[in-house]
Amino acid sequence: MNSFRFPWHLPFMRALMAAVEWVLRILVFKRHLPEVKEQVIDLAYGEHCQQRLDLIRPTGQGPFPVLLYVHGGGWVSGDKSNFVWPTHWFANKGLLVFNINYRWAPEASFSEQVQDLACALQYARQTCSKYGGDPDRLFMAGDSAGAHLVCWLHMASARLELLHETALQEMPPASILRGSLLFYG
């Protein structure tokens, strides 16, 4: 996987996806943001500048189920800030949400991207109680490339041959994830 070379049009693809995300942000997602108790932006779950997440806390009393949301973008672009509306919607429905960024390809390999999710999951598990989350009710969700990464993380945590295939260094046990929501993965 590391020897794969991305095509010459990678910068064009990133620019096009950024333009689409901008239009969605302006026309759709920023309208009538669902009510939540709190949003904490850019918490670090790793050392790299892209290993950041936002926490969206629901109103009401916990403990809340915890959802980690992973953006799409063809593994080469995308950003958590483009999913403010859907993550606020989930929080409005009573979930403590961690909205995750991960490192992009080709600078980061597929295995490194899955490892980013594993690190974010460990971070969420360790810190969710502080915000009213239940560490025994962890779920992951993602769209497009994010759904693909979530699927790999969930499956690799349960099947050792996939764990070795992705060369993951740190993997949370499969038993901590209660389920995954995969949107057009």
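A: Let's start with Pro 63, which sits in the loop between strand 2 and strand 3. Keep in mind that this is a predicted model. The peptide bond leading from Gly 62 into Pro 63 is cis, with omega near 5°. Another cis bond runs from Ala 105 to Pro 106, with omega near 0°, and Pro 106 belongs to the loop between strand 4 and helix 3.

Six strands line up in the order 1-2-4-3-5-6, and their pairing is mixed. Strand 1 (38–44) and strand 6 (177–183) are at the edges with a single partner strand each, so one side of each has no neighbour in the sheet. On average, neighbouring strands are turned by 20° against each other, if you ignore direction. At the strand 1 end, five bridges hold strand 1 to strand 2 (residues 52–57), and these two run antiparallel.

Helix 2 (residues 84–92) touches strands 1, 2, 3 (64–70), 4 (96–100) and 6, and its direction makes about 160° with that of strand 4. Helix 3 (residues 110–127) also packs on the sheet, in contact with strand 1, strand 2, strand 3, strand 4, strand 5 (133–143) and strand 6. Its angle to strand 5 is about 150°.

Which residues of helix 2 are buried? They are Val 84, Pro 86, Thr 87, His 88, Phe 90 and Ala 91. Phe 90, for one, counts as buried because its relative accessibility is 12%, under the 20% cut-off. Just past the end of helix 2, Gly 94 takes a positive phi of about 105°.

Positive phi also turns up in residues other than glycine. Trp 75, with phi near 65°, is in the loop between strand 3 and helix 2. The relative accessible area of Trp 75 is 32%, so this residue is partly exposed. Ser 144 has phi near 55° and sits in the loop between strand 5 and helix 4. At 26% relative accessibility, Ser 144 is partly exposed too.

Back in the loop between strand 3 and helix 2, the aromatics are worth a look. The model has four aromatic pairs. In one of them, the rings of Tyr 69 and Phe 83 have centres 5.6 Å apart and planes at 40°, so the pair is tilted. Since Tyr 69 is in strand 3 and Phe 83 in the loop between strand 3 and helix 2, the pair ties together parts 14 residues apart in sequence. Both Tyr 69 and Phe 83 are buried. Tyr 69 also pairs with Phe 90, again tilted, at 6.3 Å centre to centre and 40° between the planes. Put together, Tyr 69, Phe 83, Trp 89 and Phe 90 make up one aromatic cluster.

On to the nonpolar packing. In soluble globular proteins, nonpolar side chains tend to be buried together. Here the largest nonpolar core has 31 residues, and Leu 53, Leu 68, Leu 96, Phe 98, Leu 117, Leu 121 and Met 140 have the most contacts inside it. Strands 1 to 5 each give two or more residues to this core, as do helix 3 and helix 4 (145–158). Helix 3 supplies the largest share, eight residues. Leu 68 shows how the pieces meet: leaving aside residues up to four places away in sequence, it touches Phe 98, Ile 100, Ala 120, Leu 121, Ala 124, Leu 138, Phe 139, Met 140 and Ala 141. Another core, of ten residues, lies apart from the 31-residue one; Val 36, Leu 67, Phe 90 and Val 97 are among its members. Phe 90 therefore belongs to this other core as well as to the aromatic cluster, and is buried at 12% relative accessibility.

Last, the cysteines. The count of disulfides is zero. Cys 128 is buried, at 0% relative accessibility, while Cys 151 is partly exposed at 32%.

Conventions. Residues are numbered from 1 along each chain as its sequence is written. This is a predicted model: local features need pLDDT of at least 70, side-chain atom pairs count only at pLDDT 80 or more; totals for chains, interfaces and linings use all residues. Side-chain values use heavy atoms; hydrogens and water are left out. A disulfide is a pair of cysteine sulfur atoms within 2.5 Å. Buried means under 20% relative accessible area, exposed over 50%, partly exposed in between (1.4 Å probe, protein chains only). Two strands pair if DSSP finds at least two bridges between them. Helices (H or I, at least four residues) and strands (E, at least two) are DSSP runs, numbered from the N terminus. Axes are lines fitted to C-alpha atoms, for helices over the stretch in contact, and angles run from 0 to 180 degrees between N-to-C directions. Contact means heavy atoms within 4.5 Å. Rings of Phe, Tyr and Trp (its six-membered ring) pair if their centres lie within 6.5 Å; planes under 30 degrees apart count as stacked, over 60 as edge-to-face and the rest as tilted. A nonpolar core is a set of buried Ala, Val, Leu, Ile, Met, Phe, Trp, Tyr and Cys residues joined through side-chain atoms within 4.5 Å.
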